[in-house]
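Please read the following note alongside the sequence and the model.

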Amino acid sequence: MNKIEHIGIAVKSLDASNELFSKLFNKPHYKMETVESEGVKTSFFKVGENKIELLEATHKDSPIAKFIAKKGEGIHHMAFDVDDIWSEIQRLKKEGFKVLNETPKQGADNKLVAFLHPKSSNGVLIELCQEIKE
Ligand code: ZN
């Protein structure tokens with residue numbers, strides 16, 4: 001794994017949180033993107049070299065809606081940049097992590113992504129991200 005690619009924060013209202021985080025970082029978000037397959041609408045902020053992803057549910061069965069119902073708004077996942085997501089998935093499976101997506105899927109921001117179940121990583125939902133090269 002390389003660096004932290006971004007930190008994902010679950011929010012009830014992307015509009016309200018875009019405003020809040022714009023004030024916090026003193027700059028606006030640089031993109032918004034809906035990932036229909038995941039039931040999320042996202043927005044991204046850059047803070048120096050770091051990225052923050054805000055996630056709002058697009059429907060009540062979205063994983064984000066379920067997360068907020070259970071735990072409230074807050075940090076939802078940490079994403080790590082990897083060079084080869086396919087081999088990392090196999091490596092982590094062998095190490096005993098519970099991989100939720102054996103086949104990576106299209107995520108926001110031009111990435112292939114796969115998640116590890118928080119139960120196998122001390123309660124932290126981990127996202128692996130590999131940049132899709134054109
Ligand atoms: Zn993410």
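**Note on the predicted model**

1. The accessible surface of the protein amounts to about 7,700 Å², and carbon and sulfur atoms contribute 53% of it. Accessible areas come from the Shrake-Rupley method with a 1.4 Å probe, and for residues only the protein chains shown count as cover.

2. On provenance, this is a predicted model, in which local features need pLDDT of at least 70 and side-chain atom pairs count only at pLDDT 80 or more, while totals for chains, interfaces and linings use all residues. Residues are numbered from 1 along each chain as its sequence is written, and side-chain values use heavy atoms, with hydrogens and water left out.

3. The secondary structure consists of three helices and eight strands, arranged along the sequence as β-α-β-β-β-α-β-α-β-β-β. The radius of gyration is 15 Å, close to the 14 Å that the globule rule gives for 134 residues, so the protein is as compact as a globular protein of that length. Helices (H or I, at least four residues) and strands (E, at least two) are DSSP runs, numbered from the N terminus. The radius of gyration is taken over C-alpha atoms, and the globule rule is 2.2 Å times the number of residues to the power 0.38.

4. The C-alpha trace spans about 45 × 35 × 25 Å along its principal axes. Of the 134 residues, 43% are buried, where buried means under 20% relative accessible area, exposed over 50%, and partly exposed in between (1.4 Å probe, protein chains only). Among contacts (heavy atoms within 4.5 Å) with a separation of 6 or more, 52% are between residues 24 or more positions apart.

5. In helix H2 (residues 63-71), the buried residues are Ile64, Ala65, Phe67 and Ile68. Viewed down the axis of H2, these residues fall within an arc of 160°, so they line one face of the helix; the arc is that of the directions from the helix axis to the C-beta atoms. Lys66, Ala69 and Lys70 are exposed on the other side of H2. The cover over the buried residues of H2 includes strands E1 (4-10), E3 (40-47), E4 (50-57) and E5 (74-81).

6. Helix H3 (residues 85-94) has Ile85, Glu88, Ile89 and Leu92 as its buried residues. Their arc around the axis is only 105°, which puts them on the same side of H3. An α-helix has 3.6 residues a turn, so residues three or four places apart point the same way. Strands E7 (111-116) and E8 (126-131) are included in what covers the buried residues of H3.

7. Which loop holds Leu125? Leu125 lies between E7 and E8 and is buried, with a relative accessible area of 13%. Leaving aside residues up to four places away in sequence, Leu125 touches His76, His77, Met78, Leu100, Phe115, Leu116 and Pro118.

8. Most residues other than glycine have a negative phi. Asp109, in the loop between strand E6 (105-107) and E7, has a positive phi near 60° and counts as buried at 11% relative accessibility. Asn122, in the loop between E7 and E8, has a positive phi near 55°, but is exposed, with a relative accessible area of 77%.
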